[in-house]
Every structure is written in structure tokens, then in C-alpha cells.
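Here's a quick briefing to go with the model you're about to open. Have a look first, then read on.

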Amino acid sequence: MKPSALPAGEARFLTVEGFDHSRRAHVWSLLLAFLAAGPPGPAPPLEVFFPRDRPYVYLHSPSPALLKALGAHLLSLPAGTLLPNFPLRVSPSYPAAKVPAPPLPGPESTPEPVPGLLLLPSFLRPSAASRLLTELLTSPDWGPPQRRKSGGVLRRKVVHYGYTFDYETSDILRDGERHPLPPPVPAGGAVGELFDRVRSEDFGPGAGVRGGVNQVTVNDYPPGTGIGHHVDTRDAFDGCLVSVSLGSGVVMEFRKGEERKYLWLPPGSALVLTGPARYEWSHGIVSRKTDAVGGSQVARGRRLSVTFRTVISPPPEGRALPAELEFVRDFYDSVARQWHHTRGVRGVLWPSVMGFLGGLGEGSLVADCGCGDGKYLAAATHFGHYVVGSDVSMELLKMTLTGAKGPDPIQQEYDKGPFSKHPEVVGGDCLRLPLQTGRFDGAVCIAVLHHLSSEERRIGVLRELCRIVRVGGLVYVQAWALEQDEGSKRVFDSQDVMVPFKVQRKYLEGDGEGGVVGGEGGMEEEGGGFRFDRYCHVYREGELQELCGRVGGIEVQDGGWEAGNWWVRIKRVN
Ligand SMILES: O=C(O)CCC(=O)C(=O)O
Ligand SMILES: [Fe+2]
């Protein structure tokens, strides 16, 4: 993952990662030593900017030569120069390149079309297109300008029907109580007729009949404006998008890695994106005054597009069942302090988890979903990874901030460093992880899946874990086994069980900081302390593999039994 050399080009900024903010002084001394070793005479200016509490630094200089030499020098330093096991990573930022004029496309499609893209050039007759355009331009539904994620407002105007798409969060607003519902998709009129037609038209293999379409977005682009490159939000919309062009035509650009394709969308055309064109290629419209079409430059006029999409309904299992709320969430919130004392502080790390983490390439981005008190955060950083923990119990997450102070040498090393004071942790439910799709190299989910109270929810968690890793990324899942060995203090006589946990009074009341936190789910006073019950579904042999078989797009690579738990290693294959 670590580049051995900077890519060619004149960088304006370098971002350097691979240390933590307690080592700023060391970073300064590295930079000063580098400047002192340079040629005699005044060195070109170098600006150094440490964002607050972040483990990276931005370096800026008007001299590209200085940045290039500095970048090469930093890259040549051995791993561990600033932080044990950590290589320094250097990423250059280049000045925005001038947008090259797109090659002249044919009017209908590129010579090598994007797979999964279908263009129907004369989807609407000119008379139908102009009736639709007039209806939209005079519609009372245009709302105020939309705010975008990066700040500011969109230059194009937008109307949504059916569901509102929120450009700040790149998601659909589903909650009619907090957000005013958008107008329903019009029945009748030119928009309604088009909606009915899109819902009944067969768009061919991969797209089929779009009967489930339930959301319409109308974009009004002033001449010369475009839309930034994007893939329509995967978690909000299904696998087929249909966009009808009105008014002016435009060249749309498609990108996949370094590849570029350009497509002229004539007025009255319908563009259908499925499969790779929908998911693997991004699409966008460059802001420019003219487009190259059929050998000449055509001035861009005002263009409207009407996009039809299907909002994926939130999974029915998205809401926690009462048993899980009381006997899992409240349980962990209530017992967090003693849990930490008997788990994180003891610092017992399972060999199969360590094997998984050690097998990921150094510098991997790893998610620990259901990280609890953060027992494995130290292990992940020990292997040179970047790790983000998430858990539904905020009380357990708070324990990650106190440091585990366990006897495990890896944990102790970690506790000395400032990462333990600033772990990257986030509150979140493992059925809707607040983590980006396809972003992680690996994910672990340890002792979580046995707390989900229905098969749909268990499969939902597996899907979420596979969603956040990239194609080729690996997921490790471990959960309690029905089959316990002879010496185990647990004997399960059924798969759905309540497992008691004893909490001493001092952890609940003790020093004034304690107190019962969160709920008091399932608490009973017992023998000078309290007994809390937690709900568990313990897995029989092969059950994890069966659930994985229903996820799709993944491959179970390995699995086994370890100390009363079943585990599987999964690879995301598409
Ligand atoms: O204007 C278009 O044809 C495409 C609009 C689009 O990509 C979108 O709204 O996601
Ligand atoms: Fe789009």
C-alpha cells in the first residue's frame, strides 16, 4: 500500500501520515534536519500545518522541487521512524488540471460503450418533449436551492417527487415526521404520463420493466452548468437509473479509474444505467459553455433532466426488537464498567482474530464493528493498520477512552501511546453502520452476531459488514457456539438463551462516577451484587456458513471453532 516513490508531477501539498500528534516535535526535527542538509543559502519557504489532534501534517511550499525532494526523503525513512511499526505515508496533491476537451463523440454513443449503459436517442417524440418541458418550467413545485455536502448551494435547481434526496447527506429523507414530505409523483399531466411509461416500459436485459420506480428528480441546469462526478447512492437507490433529457442536449462523462467515456445525450433521449454503468462507473457533466458533437462545437442551452429511480425500502429488520433493546443494548450500557474490568482489562485476545488481523496487508483500513470497550483496537494498530471502532453501546465506547490497561503487552504498548486517548470510534448500530460503502480493507465483528434476535437481522449484519469492505476485502465474524467443550462454565441447552452476568455493587454505585448507567435491563439483586441477563443466540456448527450463503456477492474462505466460538472468514467478491 505504501508507495515507494511519489507519482510524477508537481505537487503543491504533501500530506504526511504515520505518526500521532504527540510526535509533532519529532516531525519538526525531521523537517529541520532535511532543510539543514539542503544546499547552502536560504531554503525555499515551507509551511507546516498540523490539523488539531489529527495524526497527519500538511506541508506546502511554492517550490515543487523542495516538496518533491522532501517527499522522497520522508518515503525513504524506515517504518517505525516516528511510531512503532508505522511507515510514513506521503500523498501529494496536485493543482487542479485543466479539463481537457472531450474527444468528439458520435451523436448516439461512444465507439466502445460503457457496459450496462443503454441510450434510447428518440425516447420522446419532439412534441411530447416540448409539452413536458413546458409543464416542468411552469411547475409550482420548484423549491429553494439545495445545500450540498461540501457547503454552498447547488447551481442547478431541483425538484423531487416521491422522496426527497438530501444532497448534504447523499441520502433519501425517509422520515416524514422530521422532514416535510415531498410532493407525490404527479398523477396525470406530462410528468405523470412519463412516470407511467417508465414504469411499464421494458428497458431490456439488466433493467427489465421498472415497475417499482417511486422517485423522480428533475434537474434544471442553466446553460454551462453541470453536475459533479458521482455514483448515485448505492444504499438509497436500486440497480437501475433512467434519465430523460429535455431542452438542450449535453455530453455526459463516464469515469472508471483512468478510463473516460463521453456520451452525447440528445433532447428527448432516455439514458438507462444498470450493472457496471450504474455501480462501477461514475457519471458527471463538466461545466462548460459548449460541447463537441459530431465534429463541431455546440453551444449549451438550458437543459432539464428527469431521472427515475427506485428507493430501496429500509430493511424490515432495521428496527431492534424489544428483547434486543432491553437484554442487549441496555445490558451493555448497564454493565459497561464491570464488563471492561473483566474483559478489556484482562486483555485476552483470540488467536484466530490475531491471525486475521496479521494476515491483512500492513496499513490496511480496518473496521471493528461492535468493538465494545475496544479490546482489539490495540491489536489492529499493532499490525500497522488504521482502525475505526463502532458500537451501539455508548457506555462501552466511553471505556475505550479510558484505556484498557491490561496485562497484554500489545495493549500496554498501545496504552502508552496517544491513540488510546484518541481512538477513532463512532456510535452505531451494526445493521446500519455509519461507515462508507466499499471503503475498508478488512472488518471484524467479534461476539456481536450472537446478540441478534432474528435470522433476517443476522443476515442484515453480515450484509452490512460486506457492504463496507471493498471488493476483495475480508470480513472476520465470530460468535458464541452451542457446542462448548467439557471444561467450559457454559452449557447451552437451547440456541436462544439468557446468559447471566454478575455485577458487583461497587461497579454500579461505588465511587460516585458509577451509578447504573443507561437502562437497567433485566437486573436482579442477587448475593450482594446484581445479576443482569443478556440475550444470546448461540450458533450450531455450520450455521454461520448457511447465513453467509444467503448474503450474495461473498465467498466463505475459512472457518473454525475456537474456545467456544464459531468463526468465519469471508471475502467480498463483487
Ligand atoms: O442530468 C442528468 O441526466 C443526470 C442527473 C444525475 O446524475 C443525478 O441526479 O443523479
Ligand atoms: Fe446521477
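Let's start with tyrosine 58, which sits in strand E3 (residues 56–60). Keep in mind that this is a predicted model. From there we'll move on to a helix and a metal site.

**Surface patch**
- Tyrosine 58 has a relative accessibility of 31%, so it counts as partly exposed, since that class runs between the 20% and 50% cut-offs.
- Together with Phe13 and Phe49, Tyr58 makes a nonpolar surface patch of about 280 Å².

**Helix H1**
- H1 covers residues 24–36, which is 13 residues.
- From first C-alpha to last, H1 reaches 18 Å, close to the 18 Å expected at 1.5 Å a residue.
- Which residues of H1 are buried? They are Val27, Leu30, Leu31 and Phe34.
- Look down the axis of H1 and those buried residues fall within an arc of 95 degrees, so they line one face of the helix.
- Ala25, Leu32 and Ala36 are exposed, on the other side of H1.

**Iron site**
- Three residues coordinate the iron ion (ligand 2): His230 through NE2, Asp232 through OD and His283 through NE2, at 2.1 to 2.2 Å.
- Along the chain, the donors of this iron ion follow the spacing H-x1-D-x50-H.
- Aspartate 232 is in the loop between strand E10 (227–230) and strand E11 (240–247), while histidine 283 is in strand E15 (residues 282–285), so this pair ties together parts that are 51 residues apart in sequence.
- Buried or exposed, for aspartate 232 and histidine 283? Both are buried.

Technical notes: Residues numbered from 1 in each chain as written. Chains lettered and ligands numbered in written order. Predicted model: local features only at pLDDT ≥ 70, side-chain atom pairs only at ≥ 80, totals over all residues. Heavy atoms only, no water. Donors = N, O, S within 2.8 Å, 3.2 Å for Na, K, Ca; no water. Helix = DSSP H or I, 4+ residues; strand = E, 2+ residues; numbered from the N terminus. Buried < 20%, exposed > 50% of the residue type's maximum accessible area, 1.4 Å probe, protein only. Patch = residues over 30% accessible without salt bridge, like charges linked within 9 Å, V, L, I, M, F, W, Y side chains within 5 Å. Areas by Shrake-Rupley, 256 points an atom, 1.4 Å probe, with all protein chains shown as cover. Salt bridge = Lys/Arg side-chain N within 4 Å of Asp/Glu carboxyl O. Expected span 1.5 Å × (residues − 1). Arc of directions from axis to C-beta.
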